[in-house]
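Hi there,

Here is the structure I promised to pass on to you. Have a look at it first, and then read on for what turned up in it.

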Amino acid sequence: ACKFLDDKWDPKFLVIVAQKTHHTRFFQPRSDANVPAGTIIDTKVCHPKNNDFYLCAQNGPIGTTRPTHYHVLLDQIGFSADDLQELVHSLSYVYQRSTTAISVVAPVYYAHLAASQMSLFGKFDDMSDTASSHSGGGAGSSSSAGGFTQIPKLHEN
């Protein structure tokens with residue numbers, strides 16, 4: 001896609017997967033308290049060869065802080081582990097609806113919100129031919145061709 005826009009454009013990519021749902025919790029030694037906000041765990045419980053880490057970005061009541069597990073799949077930029085973890089931690093503070101850190105980085109949160117909004121425009125459960133042929137999409141149906149509501153057209157600029 002980048003070469004299609006400009007033959008000379010050769011961007012480097014960083015691909016990180018954020019795992020929000022898991023059963024891992026961290027506590028301070030000899031204490032019931034949560035770890036402090038901004039705690040990064042990248043040894044002992046992480047993969048010995050892959051680049052992954054846990055980040056407890058937000059502060060929460062006792063026992064409720066759930067870290068996010070980040071897996072680095074591709075790093076063409078060449079971040080050091082510390083620089084990458086600092087970048088991810090910083091992205092936990094840039095969510096527009098919060099003045100404090102959130103549990104997962106803002107771009108992932110925004111993608112989740114966008115996916116939720118898109119679910120309002122289409123019925124993805126009825127994608128099969130058999131489901132749409134039996135759905136009774138006759139007169140008065142709000143669906144257009146294929147059983148989907150048309151997504152609003154964006155202005156070209």
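Lys-44 counts as exposed, because its relative accessibility is 84% and exposed means over 50%. You can find Lys-44 in the loop between strand E2 (39–41) and strand E3 (52–56). Take a look at its backbone too: phi of Lys-44 is near 65°, which is a positive value in a residue other than glycine. Please keep in mind, here and below, that this is a predicted model.

Now for the chain as a whole. How many helices and strands does the secondary structure come to? There are four helices and four strands. The chain has 157 residues, and 21% of them count as buried.

One patch is nonpolar: Phe-13, Val-15, Val-17, Leu-73 and Leu-74 form it, and together they have about 410 Å² of accessible area. Strand E1 (14–19) and strand E4 (68–75) are the elements that give two or more residues to this nonpolar patch. Leu-73 belongs to strand E4, and it counts as exposed because its relative accessibility of 58% is over the 50% cut-off.

The other patch carries negative charge. Which residues gather in it? They are Asp-42, Asp-82, Asp-83 and Glu-86. Glu-86 sits in helix H2, which covers residues 81–91. Is Glu-86 buried, exposed or partly exposed? With a relative accessible area of 47%, Glu-86 is partly exposed, because that value lies between the 20% limit for buried and the 50% limit for exposed.

Last, the cysteines. How many disulfides does a search of the whole structure find? The search comes back with zero. Two cysteines to look up are Cys-2 and Cys-56. Cys-2 has a relative accessible area of 19%, so it counts as buried, since buried means under 20%. Cys-56 is buried as well, with a relative accessible area of 1%.

Happy exploring, and do write back with any questions!

Best wishes

Notes. Residues numbered from 1 in each chain as written. Predicted model: local features only at pLDDT ≥ 70, side-chain atom pairs only at ≥ 80, totals over all residues. Heavy atoms only, no water. Patch = residues over 30% accessible without salt bridge, like charges linked within 9 Å, V, L, I, M, F, W, Y side chains within 5 Å. Areas by Shrake-Rupley, 256 points an atom, 1.4 Å probe, with all protein chains shown as cover. Salt bridge = Lys/Arg side-chain N within 4 Å of Asp/Glu carboxyl O. Lys, Arg positive; Asp, Glu negative; His and termini not counted. Charge placed at Lys NZ, Arg CZ, Asp CG, Glu CD. Buried < 20%, exposed > 50% of the residue type's maximum accessible area, 1.4 Å probe, protein only. Disulfide = S-S within 2.5 Å.
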